[in-house]
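Dear colleague,

I am handing over the structure that we spoke about, and my notes follow below it. Please read them with the model open beside you.

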Amino acid sequence: MGGLTLLAQTVSQTDNTSIFAPVSPPAESIRQLAVLVFVISVFIFFIVEGVLFYTLWRFRRSTATANESEPPQVYGSKPIEVAWTAAPALVVFVLVLVTTRTLWEVKPTPPEPQVGDNTLFVTVIGHQWWWEYVYETYDGKPLGFITANELHVPASTDGTVRNVYLRLKSADVVHSFWIPRLHGKVDLIPGRTNDMWFETASQGLLLGQCAEYCGTQHAGMLLRVVVDTPEAFEAWLQNEAQAARNASAQGVAGNGADPDRVRQGRELFLSHSCINCHRVRGTVAAGTYAPDLTHLMSRETLAAGMEPNNRENLVKWIRNPHDIKPGNLMPAFGLSDAEVQLMVDYLSTLK
Ligand code: CUA
């Protein structure tokens, strides 16, 4: 039973990362090209193999006509020469044309942001081994907040297309941004900016994966895109744009959490070197080396999509991040169990 469930999960995950289930125009163009190239290849395969097997059969050694003399030797044939030059040239020509058309469809030049265009611009920065998302503008209005690992975008709805343009950069080595149902792979290259465009009406979660080997945790550099309804997306934007909850010493509140413990946890967090790498907007934590934690609890996963974001995994992560993600760049700080619990009490209020 467990095996069946696992199989069902694997199949549904595979569906969600299949280039044959596109939900955006660029992914649809890529699928059409892939199918066309496949059909042409199959056609050529059957012609070549057909001629090969026909020849093997037609000119097999037969006992009836067996003799020791060689068969007639033929030198040169103009029609055949022309055919085997022209046919492949024609095939290559057709492939060049359709590939060029697909390239144009997949990668239009990003427009300037304008009020009323419903377009979202996000800068994506690849890090070893997580994704940083700098929300630039939406519908022409500046956003200017940063989040990590879960990209939220608005869905296109009847009559309104909501284009998403990503600017792709890298903070260290080459990564590749690949959400198969939205777009082909686009590399994030140090010192260079690449672009990606899509729009989709398919609400819900889309999965992907860093597609360029980038070190120890390349396989643990997962991609999650949440396609929200326009209303849900606006609400998410509003929440993300705010500074962290419980940023000041006063006014501590948190779903059932003991305010005293939250306060102590915050002080503990802010007095450790966490703040050299992590940012929590509204506090002195202003690091940019590691994921922004301002709205940590609005994310469903930890460690770039590897584990569900819950109390148990937060505790495990802070105690020793390498238990979850071996080789990642966050050290274990050797906190006591009591300190870890306090810190998680605080982090759990960052909604
Ligand atoms: Cu980043 Cu592979």
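Is Leu329 buried, partly exposed or exposed? Leu329 is partly exposed, because its relative accessible area is 45%, where buried means under 20%, exposed means over 50% and partly exposed lies in between, computed with a 1.4 Å probe on protein chains only.

Before I go further, please note that this is a predicted model, in which local features need pLDDT of at least 70 and side-chain atom pairs count only at pLDDT 80 or more, while totals for chains, interfaces and linings use all residues. Residues are numbered from 1 along each chain as its sequence is written, and side-chain values use heavy atoms, with hydrogens and water left out.

Leu329 is found in the loop between H8 and H9, helices being DSSP runs of H or I with at least four residues and strands runs of E with at least two, both numbered from the N terminus. Not counting residues up to four places away in sequence, Leu329 touches Gln128, Trp129 and Tyr289, a contact being heavy atoms within 4.5 Å. From C-alpha to C-alpha, Leu329 and Arg299 are 20 Å apart in space, and they are 30 residues apart in sequence.

Next, the sheet. Three strands form an open sheet with mixed pairing, in the order S4-S10-S9, where two strands pair if DSSP finds at least two bridges between them. S4 and S9 stand at the edges with a single partner strand each, so one side of each is left without a neighbour in the sheet. Neighbouring strands of this sheet are turned by 25 degrees against each other on average, direction ignored; such angles are taken between axes, which are lines fitted to C-alpha atoms (for helices over the stretch in contact), and run from 0 to 180 degrees between N-to-C directions. Strand S4 (residues 150-154) pairs with S10 in the parallel sense over five bridges, and Val153 has Val227 as its bridge partner in S10. Strand S9 (residues 204-209) pairs with S10 in the antiparallel sense over six bridges; here Gly208 is partnered by Leu223, and Gln209 stands opposite Leu222. Strand S10 (residues 222-228) is largely enclosed by the rest of the structure, because six of its seven residues are buried.

The largest nonpolar core has 33 residues, and Trp131, Tyr133, Tyr135, Leu151, Leu166 and Phe177 are those with the most contacts inside it; such a core is a set of buried Ala, Val, Leu, Ile, Met, Phe, Trp, Tyr and Cys residues joined through side-chain atoms within 4.5 Å. S2 gives the largest share of this core, four residues. A second, separate core of 26 residues includes Val262, Leu293, Leu296 and Leu342.

Finally, the helices. Helix H5 (residues 259-271) and H9 pack with their axes 7 Å apart, at an angle of about 105 degrees. The two helices H5 and H9 are therefore roughly perpendicular to each other, given that 65 to 115 degrees counts as roughly perpendicular, under 35 as roughly parallel, over 145 as roughly antiparallel and the rest as oblique. Among the residues that make this contact are Val262 and Phe269 of H5, and Leu342 and Tyr346 of H9. In helix H7 (residues 311-319), the residues Asn313, Leu314, Val315, Trp317 and Ile318 are buried, and the buried residues of H7 pack against strand S11 (301-302), strand S12 (307-308), helix H8 (321-324) and helix H9 (337-347).

With best wishes
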